[in-house]
Amino acid sequence: MLILKGNKLAVLNYLQQGEFVSGEWLGLQLGISRAAVAKHIQSLQELGLDIFKVTGKGYRLNTAFELLNQQRIEQYYKAQSEGVAQFELFPVIDSTNSELMRRIQSGQLPDSGTVVVSESQTAGRGRRGRQWQSPFGSNLYFSYYWLLDDGLQAAMGVSIAVGLAVYDALKALYQIDVQLKWPNDILVHEQKLAGVLVELDGQPDGPCHLVIGIGLNLNMPVTASANIDQAWTDLALLGCEVDKSELVAVLTHCLEKRLKQYRQSGLDEMHQQWNQVHAFQGQRVNLITGQRSWQGICEGIDPQGGIKIRQNGEVKSYFGGEISLRKVVDDFTY
């Protein structure tokens, strides 16, 4: 795990003021050489910060951003929730999901309701081993640990509840009507705004440890967006003014409510709510699993969270973390 501290953190704090700062001035403030300043600038750029240099003026952040604040997160959270969430903030981490999974697998179990958030990830992960672009300070990297006592099978529909929790939080804060794509993408105008990665550890009939990861695009730098291989959007492009600390608190609160509902009644009500905001309802899709793919009409999810596909007049449900769903338009799939 990398740590952002000392002179590197001090350089970032000066850059956050939004004005040009010269390498010479930074060196004088910190008592280091201009070469050392340049080295810190380079390491910050390697984290994904969009810093540019103008001869005669110095360095400046291309886009100002707000750092997460533990005290403000807790204040927002306590103002609306009676939950027991505990928040841990990291400047830089390999992956918020990996951090919690390491603790589970080592036997150092966190308390249920532990939230890990970071300003950056060096090895952020999406589904099927894909890399999740995680530039510093620009997006939200969030993981939540939840203990479910009813075994692995009872956890199979959790990603449906999580998607609805993200929907709830974005609707409450920004009045955005997102759509949900099975099994765990959040879209706006068929562009990806957020993704969910739920990882499980446990026994078929014993306690099940869940790590619920959510990556949400806030203000993606151009340098990072060049590495994204699908249509995407972020809250800045949608005209939202984001307080990251408030977002963490509200998202945690909405997630707690949906998980409580899931524990009490599964997807009895939620599968119908999910189908009302389903991105590909009634549309032709390509279902991909392993080396096999086939087309059909998407009819939402069933009460167990499986995706329903109609082929030749017959509707079948499909489950599994290694299944992908793509919309088909004019014989092109995306």
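# Exercises on strands, rings and burial

In strand β9, Cys-208 is the bridge partner of Gly-202. The model is predicted: local features need pLDDT of at least 70, side-chain atom pairs count only at pLDDT 80 or more, and totals for chains, interfaces and linings use all residues. Residues are numbered from 1 along each chain as its sequence is written, and side-chain values use heavy atoms, with hydrogens and water left out.

## Exercise 1

Task: state how β8 and β9 are joined.

Solution. Helices (H or I, at least four residues) and strands (E, at least two) are DSSP runs, numbered from the N terminus. Two strands pair if DSSP finds at least two bridges between them. Strand β8 covers residues 191-202, and nine bridges join it to β9 in an antiparallel arrangement. The two strands form a hairpin with five residues between them.

## Exercise 2

Solution. Leu-140 has Leu-216 in β9 as its bridge partner. Buried means under 20% relative accessible area, exposed over 50%, and partly exposed in between (1.4 Å probe, protein chains only).

## Exercise 3

Task: classify the ring pairs Tyr-14 with Trp-25 and Trp-146 with Tyr-262.

Solution. Rings of Phe, Tyr and Trp (its six-membered ring) pair if their centres lie within 6.5 Å; planes under 30 degrees apart count as stacked, over 60 as edge-to-face and the rest as tilted. This rule gives five aromatic pairs. For Tyr-14 and Trp-25 the centres are 5.0 Å apart and the planes stand at 80°, so the pair is edge-to-face. Tyr-14 belongs to helix α1 (residues 6-15) and Trp-25 to helix α2 (residues 23-30), 11 residues apart. Trp-25 counts as partly exposed because its relative accessibility is 34%.

Trp-146 and Tyr-262 are also edge-to-face, at 6.5 Å centre to centre with 70° between the planes. Trp-146 lies in strand β5 (residues 140-148) and Tyr-262 in helix α8 (residues 244-265), so this pair ties together parts 116 residues apart in sequence. With 4% relative accessibility Trp-146 counts as buried, and with 8% Tyr-262 does too.

## Exercise 4

Task: describe the hairpins on either side of β11.

Solution. Strand β10 (residues 284-289) and strand β11 (residues 292-301) run antiparallel and are joined by six bridges. Ile-288 has Ser-293 in β11 as its bridge partner. Two residues separate β10 and β11 in their hairpin, and Gly-290 in the turn has a positive phi of about 60°. Three bridges then join β11 to the antiparallel strand β12 (residues 307-311), where Ile-309 is the bridge partner of Cys-298. This hairpin has five residues between its strands, with Gly-305 in the turn at a positive phi of about 95°.

## Exercise 5

Task: determine whether Ser-159 is buried or exposed, and list what Ser-159 touches.

Solution. Ser-159 is placed in helix α6 (residues 158-174). Its relative accessibility is 16%, so Ser-159 counts as buried. Contact means heavy atoms within 4.5 Å. Not counting residues up to four places away in sequence, Ser-159 touches Pro-183, Asn-184 and Val-198.
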